[in-house]
Amino acid sequence: MRNFAVVSNMMDVASNSQWRDLRRFTDRPSKFAHPAFEPGEQNMEMVHKCKVLVVGAGGLGCEILKNLALSGFKRIEVIDMDTIDLSNLNRQFLFREKDVGKSKAEIAAAFIESRVDGCSVVAHNCKIQEKDANFYRSFSIVICGLDSIVARRWLNDMMCSLVHYDGNGDVDTSTIIPLIDGGTEGFKGNARVIYPHFSPCVDCTLDLYPPQVNFPLCTIAHTPRLPEHCVEYVKVILWEKEKPFGDNTLDGDSPEHIEWVFQKAAARAEEYGIRGVDIRLTQGVLKRIIPAVASTNAVIAASCALEALKLASNIACPLTNYLNFSDIEGVNFSVVALEKEPGCLICSRETRSVEIPAGEKLSYLVEKLKTEFQLRNPSVHSSDNILFMLNSLMPQMEPISKSNMAKTFSDLGLSNGDEVVVADESLRQTITLQLKFV
């Protein structure tokens, strides 16, 4: 169990001492310091004035907020669209049972402000997509503590879009806003520092993030082999077929919905002689839950906050540029210097080509976008037509899209070297791909 008393006492001491120990580090020379570092009171003032945005107020976000406040940052904002669930309380230590059902961002901000004198935390209870470029441009540092690859990619796209180029085609470094990204899964985690358009971005290293697990429909419907297949069958097929709660969509946080799915999944598992279906597995499949460990969150959050402190005060050289942490068999830290991906869809200025075997159908490209590019629900447009779009806002496109999936590119009027425009919910703006038939 998390020792809440220790954390609370730390925050009380910090608010009373006004970060006394930190001043010793920002006011003295060090062989580890950044070349631009000059000891003095001004370094702590730079930290005080630095405006930081924390994206996500879950387990990792709570730790990051606490660390920033205790490190001397006074101008913090936090954005999160979620509300507090009972299951959050074992690792998201800024929340209490009385807070269940309330906004994570608002409760976390109020908790920090109540414990650390002089620290202002502004909460935004909304999706990150609801904020425009001017909002993100107003910050000196953005720290990402999300558990969603889609949201992480969108944020990365936004930060890259804020960068300008000068007349010579070089990056205007004054427009770069550092993005610090942290992520955890069980006893493993990572932290990285991204300088948009200057160092590798999230999409440059997309293969580091595992694609979301999806089970083939034919398997879950006809030949289930795993307990997960039984739950997925109820989620995908039975829920729409039987409509146990009317037209309500399946809610992974609703005890009634989870219980119904569990009972149906258990019955199907018994029919096929499959063991292992229980409430915990059912909820895990429904919510795509990634196991979270408080100690891992604490380590990665400390790394993220330390990088923010380095950037704000020049007290030390920032991470170059990807830190990996593992606590499975002993404790291991390693740092790797990742490289930019030539032709990256987001931070490269080159047109990306996509290789397609000659004679293949549009379905090949759509599947490639989902697997290789990790897009969730891509739509594909040619210069004058919509080729593929499955969108609830345009249901009339569904029969056309399904018909086009069986057509070759020549049937669709496309030839080698032609370009298609791709849109997806994980992308802030559309991307252009050049077709290369091989």
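Here are a few notes on this structure, which is a predicted model.

1. The largest nonpolar core has 50 residues. Within that core, Y136, V142, L155 and L365 have the most contacts. Helix α7, which runs over residues 149–161, supplies the largest share, with six residues. Another core lies apart from this one and has 45 residues, including L60, F95, I107 and A108.

2. If you skip its neighbours within four places in sequence, Y136 is in contact with L53, I79, I128, K131, W154, L155, M158, M159, L162 and I177. One of these partners, L155, is also among the residues with the most contacts inside the largest core.

3. Now have a look at helix α3, residues 41–49. Which of its residues are buried? They are N43, M44, V47 and H48. These four sit on the same side of α3, because they cover an arc of only 145 degrees around the axis. Here's a handy rule for reading patterns like that: an α-helix has 3.6 residues a turn, so residues three or four places apart point the same way.

4. Next, a pair of helices. How do α10 (residues 255–271) and α11 (residues 279–287) pack? Their axes are 9 Å apart and meet at an angle of about 110 degrees. Angles of 65 to 115 degrees count as roughly perpendicular, so α10 is roughly perpendicular to α11. The crossing of α10 past α11 is right-handed. On the α10 side, the contact is made by I258, E259, V261 and F262. From α11 come I279, T282, Q283 and L286.

5. S303 belongs to helix α12, which spans residues 294–313. Is S303 buried or exposed? Its relative accessibility is 13%, and buried means under 20%, so S303 counts as buried. Leaving out residues up to four places away in sequence, S303 touches A191 and L323.

6. For K127, look in the loop between β3 (120–124) and α6 (133–137). This lysine has 41% relative accessibility, so K127 counts as partly exposed. Along the chain, K127 and D80 are 47 residues apart, but their C-alpha atoms are separated by 6.5 Å. What does K127 touch, once residues up to four places away in sequence are set aside? The partners are I79 and M81.

How values were computed
Residues numbered from 1 in each chain as written. Predicted model: local features only at pLDDT ≥ 70, side-chain atom pairs only at ≥ 80, totals over all residues. Heavy atoms only, no water. Core = buried A, V, L, I, M, F, W, Y, C linked by side-chain atoms within 4.5 Å. Buried < 20%, exposed > 50% of the residue type's maximum accessible area, 1.4 Å probe, protein only. Helix = DSSP H or I, 4+ residues; strand = E, 2+ residues; numbered from the N terminus. Contact = heavy atoms within 4.5 Å. Arc of directions from axis to C-beta. Axes fitted to C-alpha atoms, helices over the stretch in contact; angles between N-to-C directions. Parallel < 35°, antiparallel > 145°, perpendicular 65-115°, else oblique. Left-handed = near helix turned anticlockwise from the far one by under 90°.
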